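Subject: Model handover

Hello,

Please find the structure below, for your files. My notes come after it.

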Amino acid sequence: MSDKKVVLELKNVDKSFGPIDVLHEISLKVREGEVLCLLGDNGAGKSTLIKTLAGVHNATRGEILVDGEPVIFSGPRDAQDRGIATVHQFGGTYPLMSVGRNFFMGQEPTKGFGPFKVYDRKKANKIAVEEVQKMGITRIDDGDRLVGGLSGGERQSLAIARAVYFGARVLILDEPTAALGVKQAAHVLRIVNEAKKRGLAVIFITHQVMHAMTVGDHFAVLIRGAIAADFRKGEKTREEITDLMAGGQNMADLEQEIEGYMEAHDGHPPKVEPAE
Ligand SMILES: Nc1ncnc2c1ncn2[C@@H]1O[C@H](COP(=O)(O)OP(=O)(O)OP(=O)(O)O)[C@@H](O)[C@H]1O
Ligand SMILES: [Mg+2]
């Protein structure tokens, strides 16, 4: 168990779309200063779960509590106002905007008074660069740079730094590392750790066991819309987690078999016979 404060809690949450039941009796606690890894195979219900937390969907049954108080979000804005920020893959940033603009989007600092108010580019750039650098991304040093020229990992980092700056308490990341190379993924994992150190609660969805094990304090595995396992760091081995992520199948054996084959065949994977 953890003695950290519970920021967000789900109690017996169900979500159906018409006749299709996607989530069943989900109960989960999300704590500040911790990373909760949400794992599960394709279609297990991970994105549906976080959309329900982020105000995109409403739960069909059950309760969502923020700081112990039941809430019903009227939309994503409402969830955001409660400090629940979702960072989408690629950071949800606009490629043709500058780093400074992107950081403030809609909440730009201004200078001057009344009708003479104008966007304070210098100030926006300075804050944006400072905040991103505070998260350990020192390669972004010019607020005028266009976001389109940043790497995928840098964009994610910018979006996370932005959420942190604007007071997010829960940071939801749906597969932020899926489209990234090894170095860039490491970048994002480092930022996730940084956000956690600052006391944010992070919900991190990934299909990569090593990414989950690198940052996770708490793990919840969804299988066909229900929580199949809920455990803390160190309570399960990599093999056990891999099996659970594959919906309870013994993936570890398969992985070993493939690794063994590759070792014996100059690093080549086994050939897959075309289906009849
Ligand atoms: N709006 C919707 N209407 C009907 N069914 C939906 C809707 N959204 C999701 N589903 C169904 O819910 C199930 C879970 O989908 P979800 O996107 O939550 O899975 P996931 O765990 O995020 O999968 P992946 O790892 O592939 O992203 C799927 O069977 C999907 O078809
Ligand atoms: Mg998904």
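This is a predicted model: local features need pLDDT of at least 70, side-chain atom pairs count only at pLDDT 80 or more; totals for chains, interfaces and linings use all residues.

Residues are numbered from 1 along each chain as its sequence is written, and chains are lettered from A and ligands numbered from 1 in the order in which they are written.

Ligand shell. Around ligand 1 lie Phe 17, Ile 20, Val 22, Gly 40, Asn 42, Gly 43, Ala 44, Gly 45, Lys 46, Ser 47 and Thr 48 (C-beta atom, placed from the backbone, within 6 Å of the ligand). Strand E2 (20-31) and helix H1 (46-53) are the elements that give two or more residues to this shell (DSSP runs numbered from the N terminus: helices H or I, at least four residues; strands E, at least two). H1 gives the most, with three residues.

Domains. The assignment, automatic or from a database, gives domain 1 (6-83 + 169-264) and domain 2 (99-160). Their contact takes 12 residues from domain 1 and eight residues from domain 2 (C-beta atoms, placed from the backbone, within 7 Å). On the domain 1 side, helix H6 (residues 182-197) gives the most, with eight residues.

Sheet. Four strands form an open antiparallel sheet, ordered E2-E1-E4-E5 (strands pair if DSSP finds at least two bridges between them). E2 and strand E5 (69-71) are its edges. Three bridges join strand E4 (residues 61-66) to E5; Ile 64 has Val 71 in E5 as its bridge partner.

Regards

Technical notes
Two residues are in contact if their C-beta atoms, placed from the backbone, lie within 7 Å.
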